[in-house]
Amino acid sequence: MRLGRRGLPILVAVVIALTAVPALAAVALTRVSTDPYTNTASQHQTEVEPDTFSFGSTIVSAFQVGRVFGGGSANIGWAASVDGGQNWTNGFLPGTTGVANPTGPFSAISDPAVAYDRRHNVWLISSLGIRSNGINQVVTSRSTNGGLTWSNPVATSTTGNPDKNWIACDNTTTSPFYGNCYTEWDNTADGNRIKMQTSSNGGQTWGPARNTGDNATGLGGQPLVRPNGTVLVPTDNANQSQIRSFRSIDGGASWRATVLVSSVSRHTVAGGLRTSPLPSAEMDAAGTAYVVWQDCRFRSSCASNDIVMSKSTSETTWGSVTRVPIDATSSTVDHFIPGIGVDRSTSGASARIGLTYYYYPTAACTSTTCQLNVGFLSSTNGGASWSVATNVTGPMTLSWLANTSQGRMVGDYISTSVPSGGRAWPTFAVATVPSGGLFHEAMNVPTGGLPVSGGTARASAAGVVVAGPTAAAQRAPAVTRH
């Protein structure tokens, strides 16, 4: 399918002032991007599925712009701040689709993920290029000036039919693999076979696609790099009934077999909203890995989801699953699509964590009555206890959101970044009432960031494990989620 007309005006990156857009809750928001396109294949004005990464005082986010019902978007947008979130510059990747400037080979593009390569001083956005012939490709866009301008994309995958890519780099100067970057994706032409590729030159070229040691299938993996250079990749299995992980100890030359993190107990989010238990993962300064996902095991009859967490310090074993104590297990709230951020200058019992998520105040709702909100809470002791949750924005009605073949969409994932010693910076989709035949769903950040504070709400591993939804998930087929 064509994404629209060529010859659109040149889109110049603009600096967005710190003017907070009207928020429906107590937290002021700054809009950092808006869909500018008019191509007929997309739904306008929509922006969905953001990722973020921070290093030093620079924060970079990337997201889909102009969502296409059947998959992907008109282009990938980006928003960058080089002064710790005080001011933002935004724009759209070149060389991707027919609406990009210059235009590119893909009919749509999806699944943006952001990384920074400290050794080569380059920012990277990994994306999934979608072709009209159905054969897709992972590509990497590069920025050498703090995310303020971007190159045409570089081919990353050269075989298979990829989906759900992610990217991370080794930024520890003492690591034996300092400067390596790692891209994960799954091959939908081979049952969602997990693939890993490595670059050692700042994302300019990429090595062969390698399988895990047990030829595992899965999707949504998020590579993490420990200070010793070991790469750890938490991921869903192919039918999203388990969270698993695997590792490389030789800089991506080979990958070990997957190990179990946890089974998944899955409550279907009401209203036809597009969600799934994809993991969100981060690493602290000492090499402890944190992974969170939506899960209903702590709720009676699996009536709604909590956000749950598991941690690993050993690379091969994971701790018990704990419930992030956003509210009581007797509440009616349904929590989903989490994005975790960890201050990478902290670790262990002093690790600073920010967690952003979407939620319904009442799980038992319909497509016309569900009220979608964004929430946030934080921890200063590695997730042992948490602050009181903040309602960041909402409510939003589901009909305000871009529609897709898998439901109304804010994103299959979101992300939170916590710069060293600083406040938390999530990027998320906020929608208001459509008008004039257009949606109004755009990317926002909390004005000034969100405080990372401790609290007394204790995480707990006690709860009811409900077997039914997990068993149903185990019978589910492999999925494609671009």
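Modeller: Before we start, buried means under 20% relative accessible area, exposed over 50% and partly exposed in between, using a 1.4 Å probe and protein chains only. This is a predicted model, where local features need pLDDT of at least 70, side-chain atom pairs count only at pLDDT 80 or more, and totals for chains, interfaces and linings use all residues. Residues are numbered from 1 along each chain as its sequence is written, and side-chain values use heavy atoms, with hydrogens and water left out.

Colleague: Thanks! How many disulfides does the count come to?

Modeller: There are 3 disulfides, taking a disulfide as a pair of cysteine sulfur atoms within 2.5 Å.

Colleague: What pattern do the disulfides of the protein chain follow?

Modeller: Count the bonded cysteines along the chain, and the pattern reads 1-2, 3-4, 5-6.

Colleague: Let's take Cys169 and Cys181. How far apart are their sulfur atoms?

Modeller: The sulfur atoms of Cys169 and Cys181 are 2.1 Å apart in their disulfide. Cys169 is in strand E12 and Cys181 in strand E13, so this pair ties together parts that are 12 residues apart in sequence. Strands here are DSSP runs (E, at least two residues), numbered from the N terminus.

Colleague: And is the link of Cys169 and Cys181 right-handed or left-handed?

Modeller: The link of Cys169 and Cys181 is right-handed, with 100° about the S-S bond. Cys169 and Cys181 are also buried.

Colleague: What about Cys296 and Cys302, is that disulfide left-handed or right-handed?

Modeller: The torsion about the S-S bond of Cys296 and Cys302 is about -45°, so this disulfide is left-handed. Its sulfur atoms are 1.6 Å apart, and both Cys296 and Cys302 are buried.

Colleague: Then there's Cys365 and Cys370. Are they buried or exposed?

Modeller: Cys365 and Cys370 are both buried. Their sulfur atoms lie 1.9 Å apart, and with 90° about the S-S bond the link of Cys365 and Cys370 is right-handed.

Colleague: New topic! How many aromatic pairs are in the whole structure?

Modeller: The search of the whole structure finds 10 aromatic pairs. Rings of Phe, Tyr and Trp (its six-membered ring) pair if their centres lie within 6.5 Å, with planes under 30 degrees apart called stacked, over 60 edge-to-face and the rest tilted. Take Phe53 and Trp123: their ring centres are 6.1 Å apart and the planes are at 70°, so the pair is edge-to-face.

Colleague: Which strands do Phe53 and Trp123 sit in?

Modeller: Phe53 is in strand E4 (residues 47-55) and Trp123 in strand E9 (residues 122-130), so to speak distant parts of the chain, 70 residues apart. Phe53 and Trp123 are both buried.

Colleague: And why do Phe336 and Tyr360 count as edge-to-face?

Modeller: The ring centres of Phe336 and Tyr360 are 5.0 Å apart with planes at 75°, so the pair is edge-to-face. This pair links strand E24 (residues 334-342), which holds Phe336, with strand E25 (residues 353-360), which holds Tyr360, 24 residues apart. Phe336 counts as buried at 0% relative accessibility, and Tyr360 counts as buried at 0% too.

Colleague: Back to Phe53. Which residues do ring pairs link into a cluster?

Modeller: The cluster is made up of Phe53, Phe55, Tyr116 and Trp123.

Colleague: Last one: where does Asn171 lie?

Modeller: Asn171 lies in the loop between strand E12 (162-169) and strand E13 (181-187). At 15% relative accessibility, Asn171 counts as buried. Leaving aside neighbours within four places in sequence, Asn171 is in contact with Phe53, Tyr116, Asp117, Arg118 and Tyr178, where contact means heavy atoms within 4.5 Å.

Terms used
Helices (H or I, at least four residues) and strands (E, at least two) are DSSP runs, numbered from the N terminus.
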